[in-house]
Amino acid sequence: MLDVIVVGTGPAGSAAAAILARRGCRVLALERAKFPRPKPCGDYLNPGCGAALARIGALDAVRSAAVPVPGMRIVAPDGTAAPTAFSSGSGYALPRETLDRLLAGYAAGTGASVIEEARVVEIAREDRRIQVTAEHRRRPGHVEHYHAWMVIGSDGLRSRVARMIDPGGSPRAGRFTVGGYLSEVAPAAPGGGAPPQGELHLGRDRYCGVAYLPGGLANVTVALARCELRTWRGALEARYWDSLRTFPGLRGRLGHARLEGGLRVAGPLAYWRRRAVGDGVVLAGDAAAFMDPMTGQGVYLALRGGELAAEAAVRALDRGGPTSRILAGYERERRRAFAEAFLLSRVLQVVAFRPRAAARALRRMAERPDLGTRFIDAVGNVERAASLLRAGFVAGLLGGA
Ligand SMILES: Cc1cc2nc3c(=O)[nH]c(=O)nc-3n(C[C@H](O)[C@H](O)[C@H](O)COP(=O)(O)OP(=O)(O)OC[C@H]3O[C@@H](n4cnc5c(N)ncnc54)[C@H](O)[C@@H]3O)c2cc1C
């Protein structure tokens with residue numbers, strides 16, 4: 001009999017498994033994929049991730065495989081650009097293939113049993129314990145049953161575990177993304193000698209994130225509405241390049257750029273599940289909530305969510321089982337930890353697609369680097385999101401006061 005079964009070892013599941021194993025729990029993590037596996041992502045980790053990885057104990061391993069991201073260059077649809085720098089710490093850029101393999105390996109190193117190519121197909125309550133059924137890819141048609149006191153569902157955007165406890169279902173709203181790895185993207189400020197920065201290019205109805213990866217490739221991902229993506233059908237790559245050239249901050253930098261490998265399409269993105277707990281089950285990471293990737297906070301939410309879920313599981317095990325009180329406590333902590341960030345993200349989605357307002361705000365940030373730092377710190381989970389919302393900071397930027 002296990003203490004906890006973790007379903008899915010993306011950042012949320014691996015963080016939870018590592019913490020539980022280090023606390024002496026018997027933990028099994030079941031992962032559908034075989035690592036390394038591709039994952040649609042902008043490949044950017046904000047500074048909040050650094051702090052979370054340090055708490056989990058995996059920061060050194062991740063840092064040694066990543067490019068530091070000391071700030072973010074944000075460009076409005078009219079070309080107004082603001083280079084912003086974090087006040088402390090740094091973001092990181094590394095391919096998710098590398099990150100997720102590292103984190104799952106780290107969880108295994110702390111004592112968690114990690115089984116890859118094991119797809120969870122059913123979860124059933126049996127008296128006080130939970131039975132988890134998995135299909136193993138190497139043994140087709142064969143299922144294995146595992147038993148634990150508790151389950152952490154960290155199986156991502158289309159979480160099967162979430163569907164089992166909340167038939168509310170998968171997200172239907174939100175943008176889609178088309179992303180690829182490009183070589184030979186010319187730097188934003190040639191000869192500047194500054195460390196590489198992340199980039200966010202705002203358009204009238206879309207945006208584009210750029211992360212510079214170890215080895216010289218750049219992850220360049222465009223996010224756009226579903227109706228627009230439909231018009232790309234049959235000409236995905238040509239429309240992707242056309243779209244990149246609509247951003248003034250990118251247009252002149254793609255002359256020698258080449259797409260390495262294929263394009264990845266993902267979506268729809270963005271939702272918040274009303275309930276992230278069920279009978280003996282807690283959800284973490286994308287399984288619980290997904291934020292539009294514009295602000296680059298998904299991996300942070302996953303790592304922090306994995307931490308909170310693991311702490312809730314430890315409390316439950318200490319007190320004789322996952323009571324409704326402990327599960328309600330997890331819901332409260334999750335709200336406290338994330339609700340402000342989701343609110344800020346929604347506010348920014350509105351401002352970002354008002355080109356004049358975005359240009360005005362970025363002009364102010366370019367003139368006053370301290371404002372840019374305050375902004376990027378809140379979005380990067382260096383400071384609380386509320387530090388912008390409460391002080392009327394966004395309104396101040398827009399009003400030009
Ligand atoms: C296009 C795009 C760009 C993004 N860019 C960024 C960015 O730059 N920065 C950022 O911070 N965030 C970004 N995000 C968000 C970020 O990728 C997610 O928030 C993050 O991956 C969530 O981690 P997770 O562990 O919850 O889920 P995932 O990383 O999705 O991991 C879930 C795991 O569960 C496994 N699994 C699924 N079903 C089962 C099953 N039935 N049984 C067993 N295993 C299962 C999967 O194989 C997977 O390994 C982006 C997202 C998208 C789509």
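Let me start in a loop: Asp 43 lies between strands E2 and E3. Strands here are DSSP runs of E with at least two residues, helices are runs of H or I with at least four, and both are numbered from the N terminus. Asp 43 is not a glycine, yet it has a positive phi of about 65°. Most residues other than glycine have a negative phi, and most peptide bonds are trans.

Before I go on, this is a predicted model, with pLDDT of at least 70 required for local features and 80 or more for side-chain atom pairs, while totals for chains, interfaces and linings use all residues. Residues are numbered from 1 along each chain as its sequence is written, and side-chain values use heavy atoms, with hydrogens and water left out.

The loop that holds Asp 43 also contains Pro 36, between strand E2 (27-30) and strand E3 (44-45). The peptide bond from Phe 35 to Pro 36 is cis, with omega near 0°. A cis bond also runs from Gly 267 to Pro 268, with omega near -5°. Pro 268 sits in the loop between E16 and strand E17 (271-272).

On to the domains, whose bounds come from an automatic or database domain assignment. The assignment gives domain 1 (2-42 + 95-170 + 273-345), domain 2 (176-266) and domain 3 (348-399). Domain 1 and domain 2 have C-alpha centres 31 Å apart. Eight residues from domain 1 and 12 residues from domain 2 make the contact, contact meaning heavy atoms within 4.5 Å. About 750 Å² is buried between domain 1 and domain 2, and carbon and sulfur atoms give 64% of that area. Buried area is the accessible area (1.4 Å probe) that two parts lose on being put together, summed over both.

How many salt bridges are there between domain 1 and domain 2? The count is zero, where a salt bridge is a side-chain nitrogen of Lys or Arg within 4 Å of a carboxyl oxygen of Asp or Glu. By this rule the model has 22 salt bridges. One of them joins the side chains of Arg 55 and Glu 307, at 2.7 Å from N to O. Arg 55 is in helix H2 (residues 47-56) and Glu 307 in helix H8 (residues 298-318), so the pair links parts of the chain 252 residues apart.

Now the sheet. Seven strands form an open, mixed sheet in the order E6-E5-E13-E14-E15-E12-E16; two strands pair if DSSP finds at least two bridges between them. Strand E6 (81-85) and strand E16 (258-266) are the edges, each pairing on one side only. Strand E12 (residues 176-183) runs antiparallel to E16, joined by six bridges, and Val 178 stands opposite Val 265 in E16.

A hairpin is formed by E9 and E10, with two residues between them. Strand E9 (residues 118-126) and strand E10 (residues 129-136) pair antiparallel over eight bridges. Asp 127 in the turn has a positive phi of about 50°.

Last, helix H11. H11 lies across strand E5 (71-75) and E6, at about 65° to E6. Helix H10 (residues 355-367) and helix H11 (residues 369-379) have axes that come within 5 Å and cross at roughly 115°. Axes are lines fitted to C-alpha atoms, for helices over the stretch in contact, with angles from 0 to 180 degrees between N-to-C directions. The contact uses Arg 364, Met 365, Ala 366 and Glu 367 of H10, and Pro 369, Leu 371, Gly 372 and Phe 375 of H11.
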